[in-house]
Amino acid sequence: MQLTHIDIGKLCVSTFNMRHGRHAPDISDILPSIRARGVLVPLLVRPNGSPDNFEIVAGRRRYFAAKTVAEEQGETASLPCAVMEPGDDAAALEASIIENVARLDPDEISQHECFVRLTKEGRSITEIAATFGITEIMVKRRLALGNLLPRIRDAYRNEEIDTETIRLLTLASKAQQKDWLALFAGPGQRAPHGYQLKQWLFGGQSVSAKVALFPVEDYPGLIVSDLFGEDSYFADADLFWQKQNEAIAAKRDALIEAGWSEVVVLEPGHRFQSWEHEKTPKKKGGKVFIAVSHRGEVEIFEGYLSRADARRRTRNATAEEGENACEPVKPSRPAMTKSMRNYLELHRHAVVRAALLAQPATALRLMVAHAVASSGHWQVKAEPQQARGKDIAASVAASPAQQAFATEKTAVLALLAVPEDHESVSSGNGDAYRTACIFARLLTLSGDEVLRIAATVMAETLAAGSPVVEALGLHLKIELSCQWQPDETFFGLIREKATVNAMLAEVAGKQAADGNLAERAKTQKQIIRDCLDGANGRDKVEKWLPGWMEFPFRGYGDGASEIADAAKSIAALFPTA
């Protein structure tokens, strides 16, 4: 560069000066020094097309201060200048920015405008970053402001919008920006800022791509990039959760395959409380817990047992000797609550009892078995069918099997000439005279009618929840789907989420179950209902029975239950094909 003094009248501010076009600068801080000592640091200038005129690339404030002093003193001044080579616009722009950044950090909007002009002059992001000694992401952030409408950029420059809000607005489409501006500028309106703005942009839920357990490239929907930084978000939260749940299901399956006794997937938002658990290795029955936040983050906690399970394991290990003391203790948690067991026992009992009515020969043999196996004088007691709640009682009363039995009981009471308001056909009060009366009545009836009464009495005295119910269910090959279908009481009594997910897999398929693995149990139950009803776009599934209502009984998971024990006890006596 050539250093020389140039008359102030031959200087003008270059359009490539990063502060060109703005109002006169504040020169109050440098004006006293220039009054006293003049301009000491040369201005950076270049020819502007004529041999005697130059444009200022850097030094605009010094130029305005010198003009002010010249006007005060009423004389023309010449200023020291470093003359650049003509024609290199990018170099001129870089020089302006470098000097201004070295002196005072300009606002982001000014940097954006200058960086945009540099890119138009052919400078790459890497070159711009290297020139100014900043990171490429900082350059990208400044350039990203170009995604904003000019009115929004002006509001940011005037400090009417904070940095977080401006960053989020770079995610918005032009239409969304216009809607936001209408709220921002409209009388009586309140535009969302910060976190509320994120909710406004994403319709209530925003999920960062960083939390995906699956490869982001496998996501078939739109991913919105945060141009101001490095964040990106899934535009379709429902589609994200489907893919995330499938990935969680695959992780669960892999952990089980690796030998963990159980993998518990907590519902979204349910935190894993480490202080309620004890570290337990895999070989000693430790479980894996997968926690999923509402924002989609997944945390995996390997090798834990609840304190109750850990204490039970310790007691069992202490009680056993030799090799058995070192064997892992399987979790003994019930897969069903006591109320659910009561519900299932009564419904299974009702269905089996109704089926027994049509098999008087079987009923007669069972009755004889009851007489033979009695430990004393034979006493007869009707099954009370005690329900643990009004909802269970109402569900059983409304079942076709229960209603069929009630109809037959009324007919049998008529055959015996007993008032139909009697609660039961059988009586266990030990009244010998009544026994003689019934015997006299039976002698007047046909063999078929006696068998009919025998079947009803046997069905009425069949104990709910007993191995006999399981034995009859297997022997009679009962088709339960004709007598029972899941009702609201059944769904309301399911508490264990893994059980609901296993049922969902049976009804809608494994892919659907995996895709909703981390959803709340309530949501998964609703999908099962939709499949059974053929609602909400789901294909209708006919005659589905959960394992809990099949013969033989089929449980979910390794949890113990009294019904499972009863079914297991008679399995060898009544083998199935």
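User: Is Arg252 buried or exposed?

Analyst: This is a predicted model, in which local features need pLDDT of at least 70, side-chain atom pairs count only at pLDDT 80 or more, and totals for chains, interfaces and linings use all residues. Residues are numbered from 1 along each chain as its sequence is written, and side-chain values use heavy atoms, with hydrogens and water left out. Buried means under 20% relative accessible area, exposed over 50%, and partly exposed in between (1.4 Å probe, protein chains only). Arg252 has a relative accessibility of 14%, so Arg252 counts as buried.

User: Which residue forms a salt bridge with Arg252, with the closest N and O atoms 3.1 Å apart?

Analyst: A salt bridge is a side-chain nitrogen of Lys or Arg within 4 Å of a carboxyl oxygen of Asp or Glu. Arg252 belongs to a salt-bridge network that also includes Lys510 and Asp514. The partner at 3.1 Å is partly exposed, at 27% relative accessibility; this residue is Asp253.

User: How many salt bridges are there by this rule?

Analyst: Side chains of opposite charge can pair when their charged atoms come close. One of the salt bridges is between Arg35 and Glu72, at 2.7 Å from N to O. By this rule the count is 16.

User: How many residues apart are Arg35 and Glu72?

Analyst: Helices (H or I, at least four residues) and strands (E, at least two) are DSSP runs, numbered from the N terminus. Arg35 is partly exposed at 41%, and Glu72 is partly exposed at 45%. Arg35 lies in helix H1 (residues 31–37) and Glu72 in helix H2 (residues 60–73), distant parts of the chain that are 37 residues apart.

User: What is the order of the strands in the open sheet?

Analyst: Two strands pair if DSSP finds at least two bridges between them. The sheet has four strands with mixed pairing, in the order E9-E11-E12-E10.

User: Which strands are at the edges of the sheet?

Analyst: Strands of a sheet pair through backbone hydrogen bonds, either parallel or antiparallel. Three bridges join E10 to strand E12 (residues 298–306), and these two run antiparallel. Each edge strand pairs on one side only; they are E9 (263–265) and E10 (277–279).

User: Why is the pair of Trp180 and Phe184 stacked?

Analyst: Rings of Phe, Tyr and Trp (its six-membered ring) pair if their centres lie within 6.5 Å; planes under 30 degrees apart count as stacked, over 60 as edge-to-face and the rest as tilted. Trp180 and Phe184 lie four residues apart in helix H9 (residues 174–185). Their ring centres are 4.9 Å apart, and the pair is stacked because the planes are at 15 degrees.

User: Which ring does the charged end of Arg353 sit over?

Analyst: A charge sits over a ring if NZ of Lys or CZ of Arg is within 6 Å of the ring centre and within 35 degrees of the ring normal. For Arg353 the distance to the ring centre is 3.6 Å, and the ring is that of Phe405.
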